Amino acid sequence: ATHAVSPRTIHEAAARIKAHAVRTPTLRSAWIDDLCETTVHFKCEHLQVTGSFKARGALNAVLSLADGVASRGVVAHSTGNHGAAVA
């Protein structure tokens, strides 16, 4: 199934995870800007507790579950960043 992403759904997800995700900075590199001939921002998601951006998606997915579904538990079939984020 395809899910449409709108500014509204992004704002809703941001509000849902705000209390749980680390607010990470963006960094710039003049060298990369020159190389790309544009301004490039690097989002430092490696500073999340899990070391990746996967925490945001996992948090949003789990926090979006209905109470009756969430109360039964959540399982992730991954030993990587996503599994760590769900855990």
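Colleague: Is Glu 37 buried or exposed?
Modeller: Keep in mind that this is a predicted model. Glu 37 sits in the loop between helix H2 (30-36) and S2. Its relative accessibility is 75%, and the cut-off for this class is over 50%, so Glu 37 counts as exposed.

Colleague: And what is the phi of Glu 37?
Modeller: Most residues other than glycine have a negative phi. Glu 37 is not a glycine, yet its phi is positive, at about 55 degrees.

Colleague: How many disulfides does the structure hold?
Modeller: A disulfide is a covalent bond between the sulfur atoms of two cysteines, and the sulfurs must lie within 2.5 Å to count. The closest cysteine sulfur to that of Cys 36 belongs to Cys 44, and at 16 Å it is too far for a bond. The number of disulfides is therefore zero.

Colleague: Which class of exposure does Cys 44 fall into, buried or exposed?
Modeller: Cys 36 is partly exposed, with a relative accessible area of 43%. For Cys 44 the relative accessibility is 5%, so Cys 44 counts as buried.

Colleague: Which residue has its backbone oxygen 2.8 Å from a polar atom of the Gln 48 side chain?
Modeller: Gln 48 is found in the loop between strand S2 (41-43) and helix H3 (54-63), and it is buried, with a relative accessible area of 5%. Leaving aside neighbours within four places in sequence, Gln 48 is in contact with Ala 21, Val 22, Thr 24 and Arg 56. The backbone oxygen at 2.8 Å is that of Val 22.

Technical notes. Residues are numbered from 1 along each chain as its sequence is written. This is a predicted model: local features need pLDDT of at least 70, side-chain atom pairs count only at pLDDT 80 or more; totals for chains, interfaces and linings use all residues. Side-chain values use heavy atoms; hydrogens and water are left out. Buried means under 20% relative accessible area, exposed over 50%, partly exposed in between (1.4 Å probe, protein chains only). Helices (H or I, at least four residues) and strands (E, at least two) are DSSP runs, numbered from the N terminus. A polar contact is a pair of N or O atoms within 3.5 Å; within protein, one must be able to donate a hydrogen and the other to accept it, and residues adjacent in sequence count only if both atoms are side-chain atoms. Contact means heavy atoms within 4.5 Å.
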